[in-house]
Amino acid sequence: MFLAKEATSLSQCGVEREGVFMLLCKKIKLDLSEQDMATLEFMQGKCRGLYNWWVMKLRDGEKWRFNACKKTLAESRAHDPELNQVYGKLLAEVYYRLDGAMRAFFRRVANGETPGFPRVRPRHGFFTLCYPAMYLTLEGNTLILPTGGKGKHKRFPAIRAHLTELPPEGFREVAISRDGRGNYYASFSYREPEQAKRDGNTVAFDLGIKTLATGVTQEGRIYHIGGFKGSRWYNKQLDRLRSKRGKCKKKSRRYLHLSKVYKRVSQRKRNKQRDSLHKASHLIARRLVERTVVVGDLSQRQMVMKEHQERNRTLNRAVYNDWGLYAFVQMLTYKCQLYGKGLQFVDERNTSKQCSGCGNLHAMPLWKRTYQCAECGLVMDRDENSAHNILTRFLARRGPYTQARPECDVLQATQSGVEVMGTSCEGQVQQLNLFEG
């Protein structure tokens, strides 16, 4: 996420404001020939080798000075003449990327955090190639990527990549990547004006495992937003593939085949999970009428504490791998900023244990999904009760308020988890479908 101040412009919502732009990215699949794919693999392999070579030198005690180290590129070209076949801007990007990693390392050391020294990039991973837009040529739906070498010493011709979608106008940089299934993509970075913020109602969301987000508004309307529903099926398939691969001899034909299948299934699971998170965050930031979004400051470590050891293995997998709560919060952060909504974080300690009616605390293990208060007799879903408490804590910052009525109709999440029904106490029904524009 990147912000830039420029001249006054007209935002999407029609409100004129100081031109604040956000840097976004659009990922488009590429259609390449076998020769072009081999060229990309060659260039990314050389860039990865140069990066790893410098990481190993730094591990051995070499001091990192960006300008001095960047000047040694000519010596590296003389040592390895194949580097001349790589586009020069890609080789320069290696030094900039390593400089960013070293700056982050020194910053963490200064702050007393875990240092995290730059690591060696593995061979099976694709080293992303970043092209500045001014050196690229776009002919219709074909993107021409330059390669290294000149004249009779030029080994690889320019890469002609056919785009499956139209790229955004005025893109600034293009990053070439490859996924686990062997497909190549071009990520175009472009600027989008932010919408002006307006005052409005507030909605508070509680993030969880069974339901991705459960929200409640000041009027008492409740939202249930489901997440990715196929994680258990994919986990079973991945476990089966790992079990079969573990019985094979390493580097055998069957071992390599099962490894490719495992990467393909894992990539499909990640794509569906990320698509679900994007749709859910888009619904909250774009489709809901409330202008202020309040989210509990969720700690994933608290969700897998020792007091929840009864299903620890399944719980760890669900929290860290399947739901992607941190990625969802990051998506929600930049989308709320883009569409002119305010995003606030509230400490959600004891929000599931505290009764939203009387304020008493009750023990609530994770297997207990319904909150029943022994003091006031309140019966409510635990996520809805937590959302009410988050909303109450946020409104308490702003002074006197009218507490939302806790007795509302319960929303029914669909099986796909991408369609949300919102029902208010007066019977007003609002249907929000994520597949609509």
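In this report, a patch groups residues that have over 30% relative accessible area and no salt bridge, with like charges joined within 9 Å. The model you are looking at is predicted.

With that in mind, look at the surface: Lys29, Arg181, Arg264, Arg268 and Lys272 come together there as a patch of positive charge. Helix α6 (residues 253–287) is the biggest contributor, giving three residues. Arg264 sits in helix α6 and, at 34% relative accessibility, is partly exposed.

Now for the salt bridges. Side chains of opposite charge can pair when their charged atoms come close. The whole structure holds 11 salt bridges, including these:

| Pair | N to O distance |
|---|---|
| Asp239 and Arg242 | 2.4 Å |
| Asp275 and Lys279 | 3.2 Å |
| Arg369 and Asp383 | 3.2 Å |

Asp239 and Arg242 are three residues apart in helix α5 (residues 231–246), so about one helical turn separates them. Asp275 and Lys279 are four residues apart in helix α6, which also puts about one helical turn between them. Arg369, by contrast, lies in the loop between β13 (342–346) and β14 (370–372), while Asp383 is in helix α10 (residues 382–397), so this pair ties together parts that are 14 residues apart in sequence. Arg369 is partly exposed at 22% relative accessibility, whereas Asp383 is buried at 6%. Elsewhere, shared partners link Lys46, Asp80, Glu82 and Arg155 into one salt-bridge network.

Finally, find the strands β10 (residues 213–217) and β11, which pair in the antiparallel sense over four bridges. They form a hairpin with four residues between them, and Gly220 in the turn has a positive phi of about 95 degrees.

Notes:
Residues are numbered from 1 along each chain as its sequence is written. This is a predicted model: local features need pLDDT of at least 70, side-chain atom pairs count only at pLDDT 80 or more; totals for chains, interfaces and linings use all residues. Side-chain values use heavy atoms; hydrogens and water are left out. Patches are made of residues with over 30% relative accessible area and no salt bridge: like charges are joined within 9 Å, nonpolar side chains (Val, Leu, Ile, Met, Phe, Trp, Tyr) within 5 Å. Accessible areas come from the Shrake-Rupley method with a 1.4 Å probe; for residues, only the protein chains shown count as cover. A salt bridge is a side-chain nitrogen of Lys or Arg within 4 Å of a carboxyl oxygen of Asp or Glu. Lys and Arg count as positive and Asp and Glu as negative; His and the chain ends are not counted. The place of a charge is taken as NZ of Lys, CZ of Arg, CG of Asp or CD of Glu. Helices (H or I, at least four residues) and strands (E, at least two) are DSSP runs, numbered from the N terminus. Buried means under 20% relative accessible area, exposed over 50%, partly exposed in between (1.4 Å probe, protein chains only). Two strands pair if DSSP finds at least two bridges between them.
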